Amino acid sequence: IKYARKLQDDGVSGREAIKQTLAAVMSSPQFLFRVENGRVLDSQSRMDRLSYTLWGQPGGEWEQSLVAEKALHYLPIAREQAERMLDDPRSKAFIEGFCDDWLLLDRLGSMPPDVQKFSTYYDNDLEPMFREETIRFFADMIAKNRSIKSVIDSSYAMVNRPLAKHYNLSEIPEGFGFEQVKLDKSKFSENLRGGLLGHGSIQTLTANGVETSPVVRGVWVLEHVLGLPPSPPPPDVEPLEPDTRGAKTVRDQLAKHNQIKTCATCHSKIDPYGFAMELFNPVGQTRSYYRYIEEDHPKNLRVDPSGVLPDGTTFGSMPQLKQAMLKRSDRVAAHFAKTLLAYGTGRKLTVTDRAEMEEIVAARAGEDYPVKDLILDVLSSPAFLER
């Protein structure tokens with residue numbers, strides 16, 4: 001009010017003074033950001049962190065009563081409150097927002113598949129179904145407190161009828177509603193499908209709409225599943241261009257590319273994961289061959305999903321790669337916990353933060369890292385509530 005009156009005193013009309021005042025309010029840091037009080041969080045700031053992380057909105061009367069009692073200064077009570085809020089339907093905001101942050105799910109649709117090559121993607125309106133599949137899969141992991149290993153592989157999928165047909169599954173739901181279906185691991189198309197790596201959302205957002213790249217997909221696995229981001233490429237190296245006519249497979253092109261020593265160091269870490277994921281096309285369907293056009297005739301080149309991991313582990317297929325990744329589920333759990341802490345606090349993690357998350361994960365090793373428990377452990381930790 002004082003600002004608006006000052007503007008009027010300076011000759012600004014009443015209407016314009018109100019407009020400028022509202023603009024100043026809505027662009028101020030206090031309006032755009034949650035301002036936390038001091039380096040050690042008070043009761044209100046602790047509740048704000050919990051409610052905005054899990055609900056995307058302020059808490060209600062019950063939450064304010066806990067603030068008044070300073071109950072969240074006791075970590076066991078904070079954990080109980082976090083569990084109550086996570087079990088509330090309003091936690092859908094967290095499930096969707098965290099999937100966007102953790103898996104880059106919000107990038108789905110940024111490079112839409114080619115209409116001519118992948119018409120079924122549009123005929124069946126698969127994009128929102130892909131997103132819903134991944135969100136429901138994560139929600140089910142929380143609800144049933146499943147192991148973080150489900151991220152790597154699972155014996156089931158969360159699909160509706162169009163998705164089950166798109167994936168060529170044996171068990172087809174009756175309608176458009178999503179159901180949990182059992183995967184027949186004796187079949188090629190289903191043996192690849194378990195876990196997040198088999199989701200159409202992930203396959204589509206890691207493709208460019210026309211072609212796939214084992215480099216892009218390998219980087220996604222390292223960054224968003226294992227938490228081991230590779231170094232950026234040297235500035236003086238030409239990017240790899242796909243051979244759209246099919247004279248060479250992408251593996252052949254990468255072999256030549258990796259003759260450059262500075263490239264080979266990073267690609268030895270990236271490419272194996274991407275090679276296995278080449279068994280999926282840009283819209284998440286399984287394939288055994290690349291299909292190209294050469295002199296107006298189709299040409300098929302077999303997909304080679306084999307690779308050698310940096311620790312010397314060899315694999316010949318996606319299921320074998322998953323078995324190797326399951327042995328590193330501690331890395332998956334640690335990355336999950338650190339990503340959650342960064343998501344909830346909105347800050348870059350410190351050495352202390354990382355050490356605390358590693359301790360939380362190590363304590364759950366004997367239980368195979370149950371996801372709901374990990375979430376509650378992080379949200380009731382000193383790193384989340386006290387600094």
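Keep in mind that the model is predicted.

Start with the whole chain. The protein has 387 residues, and 48% of them count as buried. Its secondary structure comes to 20 helices and six strands. The accessible surface is about 19,400 Å². Carbon and sulfur atoms hold 53% of that surface.

Now the core. Nonpolar side chains tend to be buried together in soluble globular proteins. Here, the largest nonpolar core holds 94 residues. Which of them touch the most other members? Phe94, Phe138 and Ile375 do. The largest share of this core comes from helix 9, residues 126-143, with eight residues.

Look at phenylalanine 138. Set aside its neighbours within four places in sequence. Its contacts are then Phe94, Ile95, Phe98, Cys99, Trp102, Phe336, Val371 and Ile375. Notice that Phe94 and Ile375 are on that list.

On to charge. Side chains of opposite charge can pair when their charged atoms come close. The model has 24 salt bridges.

Lysine 92 bridges to glutamate 96, with 3.7 Å between the closest N and O atoms. Both residues lie in helix 7, residues 92-103. They are four residues apart, about one turn of the helix. Are they buried, exposed or partly exposed? Lysine 92 is partly exposed, at 46% relative accessible area. Glutamate 96 is also partly exposed, at 26%.

The second pair is glutamate 278 with arginine 217, at 3.9 Å from N to O. Where do the two residues sit? Glutamate 278 is in the loop between helix 15 (261-277) and strand 3 (289-294). Arginine 217 is in helix 13, residues 214-226. So this pair ties together parts that are 61 residues apart in sequence. Glutamate 278 is buried, with a relative accessible area of 1%. Arginine 217 is buried too, at 0%. Both values are under 20%, so both residues count as buried.

Lysine 338 is buried, at 13% relative accessible area. Glutamate 358 is partly exposed, at 31%.

Then the network. Which residues does it link? Arg79, Arg364, Glu367, Asp373 and Asp377 are joined by salt bridges.

Last stop, the surface. Ile18, Leu22, Val25 and Met26 make a nonpolar patch of about 380 Å². Take leucine 22 from that patch. Leucine 22 is found in helix 2, residues 14-26. Its relative accessibility is 49%, so leucine 22 counts as partly exposed.

To recap. The largest nonpolar core has 94 residues, with Phe138 among those touching the most other members. Glutamate 278 and arginine 217 form a salt bridge.

Methods: Residues are numbered from 1 along each chain as its sequence is written. This is a predicted model: local features need pLDDT of at least 70, side-chain atom pairs count only at pLDDT 80 or more; totals for chains, interfaces and linings use all residues. Side-chain values use heavy atoms; hydrogens and water are left out. Patches are made of residues with over 30% relative accessible area and no salt bridge: like charges are joined within 9 Å, nonpolar side chains (Val, Leu, Ile, Met, Phe, Trp, Tyr) within 5 Å. Accessible areas come from the Shrake-Rupley method with a 1.4 Å probe; for residues, only the protein chains shown count as cover. A salt bridge is a side-chain nitrogen of Lys or Arg within 4 Å of a carboxyl oxygen of Asp or Glu. Buried means under 20% relative accessible area, exposed over 50%, partly exposed in between (1.4 Å probe, protein chains only). A nonpolar core is a set of buried Ala, Val, Leu, Ile, Met, Phe, Trp, Tyr and Cys residues joined through side-chain atoms within 4.5 Å. Contact means heavy atoms within 4.5 Å.
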